[in-house]
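Here are my notes on this structure, written as numbered points. Keep the structure open beside you and look up each residue as you go.

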Amino acid sequence: MTSKLLPGALLFLGASGAALSHHPVAGSFDPSRSIVVTGEVVEWRLRNPHSLLVVEGVAVIDGAPDSTPQRWEIETSPSAWMRAMGIDETTFAPGVKVKVSGVPHRNSSLHRMN
């Protein structure tokens with residue numbers, strides 16, 4: 001099984017002025033916090049306005065590990081941005097192991113991150 005590391009720089013929409021013109025990340029996500037999810041890809045949708053990576057795995061939130069596996073929805077950049085970084089529809093097949101960093105949703109019960 002292939003293992004891929006997907007740094008938050010690829011996923012963090014708030015790093016771009018264009019993203020901020022769409023909507024501020026801070027409205028739904030908390031940029032003062034950090035999250036790293038490690039697990040297996042369940043689903044990958046390369047789409048607009050945000051691509052979506054669904055991962056079944058465990059999280060480390062603000063440095064504190066949570067060993068309870070959860071299904072995490074990871075909101076990413078638009079398809080054109082992802083393609084410009086060399087990421088396409090086949091990059092994240094179900095079962096591929098990934099490690100993704102970013103910022104958690106303000107509502108922790110949603111298990112979402114950006």
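1. A definition first: helices (H or I, at least four residues) and strands (E, at least two) are DSSP runs, numbered from the N terminus. Two strands pair if DSSP finds at least two bridges between them. With that in hand, look at S2 and S3, which form a hairpin with six residues between them. The two strands pair in the antiparallel sense over ten bridges. One example is Thr38, whose bridge partner in S3 is Val58.

2. Some ground rules. This is a predicted model, where local features need pLDDT of at least 70 and side-chain atom pairs count only at pLDDT 80 or more, while totals for chains, interfaces and linings use all residues. Residues are numbered from 1 along each chain as its sequence is written, and side-chain values use heavy atoms, with hydrogens and water left out.

3. How far can you trust the model? The term pLDDT is the predictor's confidence in each residue, from 0 to 100. The protein averages a pLDDT of 83, and 77% of the residues score at least 70. Over residues 7-23, however, the pLDDT is below 50, although this stretch has 38 contacts in the model beyond near neighbours in sequence (contact means heavy atoms within 4.5 Å). Where pLDDT is low, the predicted coordinates should not be read in detail.

4. Now the overall plan. The protein has three helices and six strands, and from the N terminus on its elements run β-α-α-β-β-β-α-β-β. Val36, for instance, stands opposite Ser101 in S5. Among contacts with a separation of 6 or more, 68% are between residues 24 or more positions apart.

5. What lies inside? Buried residues make up 40% of the 114 residues in the protein; buried means under 20% relative accessible area, exposed over 50%, and partly exposed in between (1.4 Å probe, protein chains only). The largest nonpolar core has 17 residues, and those with the most contacts inside it are Val37, Trp44, Leu53, Phe92 and Val98. Such a core is a set of buried Ala, Val, Leu, Ile, Met, Phe, Trp, Tyr and Cys residues joined through side-chain atoms within 4.5 Å. Strands S2 (35-45), S3 (52-61), S4 (64-75) and S5 (97-102) each supply at least two residues of this core, and the largest share, four residues, comes from S2. In soluble globular proteins, nonpolar side chains tend to be buried together.

6. Is Val55 buried or exposed? Val55 counts as buried because its relative accessible area is 0%. Leaving aside neighbours within four places in sequence, its contacts include Val37, Val41, Trp72, Ile74 and Val98. Val60 also lies in S3, but it counts as partly exposed because its relative accessibility is 34%. Not counting residues up to four places away in sequence, Val60 touches Ser34, Ile35, Val36 and Pro65.

7. A salt bridge is a side-chain nitrogen of Lys or Arg within 4 Å of a carboxyl oxygen of Asp or Glu, and a search of the whole structure finds six. In one of them, the side chains of Arg33 and Asp62 meet at 2.7 Å, N to O. This pair links distant parts of the chain: Arg33 is in the loop between helix H2 (17-22) and S2, and Asp62 is in the loop between S3 and S4, 29 residues apart. Another joins Arg112 and Glu73 at 2.4 Å, N to O. Here Arg112 is in strand S6 and Glu73 in strand S4, 39 residues apart.

8. Finally, some backbone details to look up. Most residues other than glycine have a negative phi, and most peptide bonds are trans. A cis peptide bond joins Asn48 and Pro49, with omega about 5°; Pro49 is found in the loop between S2 and S3. Asp62 has a positive phi, near 50°. His111 also has a positive phi, near 50°, and is found in the loop between S5 and strand S6 (112-113).
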